[in-house]
Amino acid sequence: MTASGVPQPSAIATQGKARQGKAAGTSLPYFLLMMFLVSTLNMADRQIIGIVAEPVKNEFGLSDTMLGLVGGTAFALVYPTLGLVIARIADRLNRRNILAACLALWSAMTMLCGVAPGFWFLAAARTGVAVGEAGYAPCTHSLIADSVSPARRATAFSVIVLGISAGGLVASIIGGLVAENYGWRAAFLALGAPGLVVSALTYFTLKEPPRLGAAAPPRSAANVFGALMKSPAFLLCVTGSAFHLMVSYGLAAFGIAYFVRAHEMSVSEAAVILGSAAAVAGAVGSVIGGAAGDFLAKRDRRWLAWWPALTVFAATFIGVPAFLTPGLIFALIGAVAAVFFGTLYQPASYALVQGIADPRERASAAALMIFIQNLAGLGLGPLLIGLISDALTPSFGVSALGIAIACVFLLNIPSAAAFYLSGRFWGRADA
């Protein structure tokens with residue numbers, strides 16, 4: 001398909017021959033397992049900074065604004081922009097090799113965070129993690145899109161969303177327990193090391209799938225990105241994702257810290273209880289979300305946008321009261337439920353973007369989506385919560401962080417509106 005959603009003859013012919021059970025010689029279950037593991041490590045290494053935020057803040061004497069900078073903005077300054085560059089390379093060269101190299105880099109830089117002598121070294125190391133992780137989405141999205149038929153694509157994308165939830169679980173349980181018993185530095189080392197092993201497995205055991213529409217000559221970056229940005233369906237979809245990710249990344253950066261401050265939980269208690277429950281909720285949400293997206297899209301493809309609109313809108317009215325209540329149990333249940341509803345949208349939105357994209361430029365489409373999402377979501381979400389919290393702390397004390405998180409949850413409302421309009425602009429599939 002082109003960026004406007006019109007199928008090209010070459011794409012139709014090759015999509016009709018989509019692999020069933022194989023991904024260029026690699027068994028499809030094993031291929032999806034590796035995508036799951038890569039996604040797990042991607043999120044675990046990204047989220048560990050939020051798990052250990054309180055001990056890092058105490059050791060280095062940081063404000064919440066500085067925590068937001070190192071937890072989000074330092075990452076977002078590099079991650080989305082470099083992702084565009086890596087995507088253009090991935091649309092031409094071996095995606096498996098690029099993914100393996102990027103995984104090795106971000107794992108090594110995660111370990112380097114564990115030896116940081118101060119704030120600026122930690123911020124620089126986190127930027128290094130972002131350099132490696134910039135290649136994650138373009139490569140994994142493109143590999144999946146070229147290995148799975150369109151009818152099953154949202155379900156396949158639920159595998160990497162499931163890995164994201166699993167990464168949150170790993171960061172919460174392993175990171176929380178290691179940080180509690182051996183210090184926050186050891187947590188970075190423990191989570192970074194496995195990535196070097198998975199990087200080797202990716203390189204030596206996966207095969208590169210053939211590209212759909214590969215016979216057509218490649219277009220320039222300006223033409224590719226320009227065509228996508230002229231597609232209202234694409235632009236509104238990623239705008240909706242960007243608003244929602246301001247909520248998600250903000251919650252990932254400060255959720256544990258909130259329960260430590262406002263409900264007097266220990267770091268390990270908050271990480272294991274909240275992190276585990278939220279990870280399970282996110283995993284269940286990703287599976288249900290992928291299946292629901294495929295089911296609804298068979299009736300009308302616009303549901304790949306309307307399903308996300310419904311789910312993120314519902315998450316607003318669960319998340320806001322969860323962070324304003326003084327009751328611990330209600331707060332935990334509400335936070336976990338908000339994560340569940342906030343995860344349902346993701347597989348469908350990924351499938352929508354890959355459906356809009358030209359088959360030759362899937363990595364570029366994924367990277368442009370990540371670029372827009374993360375400049376706002378990752379770059380502004382944690383920072384905005386930190387700024388609001390610091391401003392309200394003199395008046396509200398430990399409750400200020402909860403109020404800040406609740407305020408940011410309201411961004412799910414414009415997110416839902418953008419998703420709804422994306423479906424309206426995309427329209428029904430051609431008969």
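The second largest cavity has a volume of about 80 Å³. Here a cavity is a set of points, on a 1 Å grid over the protein atoms alone, where a 1.4 Å probe fits but cannot get out, and lining residues have an atom within 4 Å of a point. Grid points are joined across faces, edges and corners, and the volume is the space filled by probe spheres set on the points. This is a predicted model, in which local features need pLDDT of at least 70 and side-chain atom pairs count only at pLDDT 80 or more, while totals for chains, interfaces and linings use all residues. Residues are numbered from 1 along each chain as its sequence is written, and side-chain values use heavy atoms, with hydrogens and water left out.

The second largest cavity is lined by Met43, Arg46, Gln47, Ile49, Gly50, Gly71, Tyr249, Ala252, Ala253, Leu378 and Pro382. At least two lining residues come from each of α2, α12 and α17, and the largest share, five residues, belongs to α2. Helices (H or I, at least four residues) are DSSP runs numbered from the N terminus. By class, this lining has seven nonpolar, three polar and one charged residues; Ala, Val, Leu, Ile, Met, Phe, Trp, Tyr, Cys and Pro count as nonpolar, Asp, Glu, Lys and Arg as charged, and the others, Gly among them, as polar.

There are four cavities of 30 Å³ or more. The largest share, ten residues, is from α12. The lining of the largest cavity divides into 24 nonpolar, 17 polar and one charged residues.

Axes are lines fitted to C-alpha atoms, for helices over the stretch in contact, and angles run from 0 to 180 degrees between N-to-C directions. A crossing is left-handed if the near helix is turned anticlockwise from the far one by less than a right angle, and right-handed if clockwise.

| Helix pair | Axes come within | Crossing angle |
|---|---|---|
| α8 (136-145) and α17 (362-396) | 8 Å | roughly 135 degrees |
| α12 and α17 | 7 Å | roughly 40 degrees |
| α2 and α10 (184-205) | 10 Å | roughly 155 degrees |

The angle between α2 and α10 makes the two helices roughly antiparallel (over 145 degrees). Their crossing is left-handed. Tyr30, Met34, Leu37, Val38, Leu41, Ala44, Asp45, Ile48 and Ile49 of α2 meet residues of α10 that include Phe188, Leu191, Pro194, Val198 and Leu201; contact means heavy atoms within 4.5 Å. The α2 and α10 contact comprises 14 nonpolar, four polar and one charged residues.

The axes of α12 and α17 cross at roughly 40 degrees, which makes α12 oblique to α17. This crossing is right-handed, and the contact has 20 nonpolar, eight polar and one charged residues.

For α8 and α17 the axes cross at roughly 135 degrees, so α8 is also oblique to α17. The crossing of α8 and α17 is right-handed. Ala137, Pro138, His141, Ser142 and Ala145 of α8 make the contact with Arg362, Ala363, Ala366, Ala367, Met369 and Ile370 of α17. Eight nonpolar, two polar and one charged residues take part in the contact of α8 with α17.

How values were computed:
Angles under 35 degrees count as roughly parallel, over 145 as roughly antiparallel, 65 to 115 as roughly perpendicular and the rest as oblique. On a 1 Å grid over the protein atoms alone, a cavity is a set of points where a 1.4 Å probe fits but cannot get out, and a pocket is an open set with protein on both sides within 12 Å along at least five of seven lines; lining residues have an atom within 4 Å of a point.
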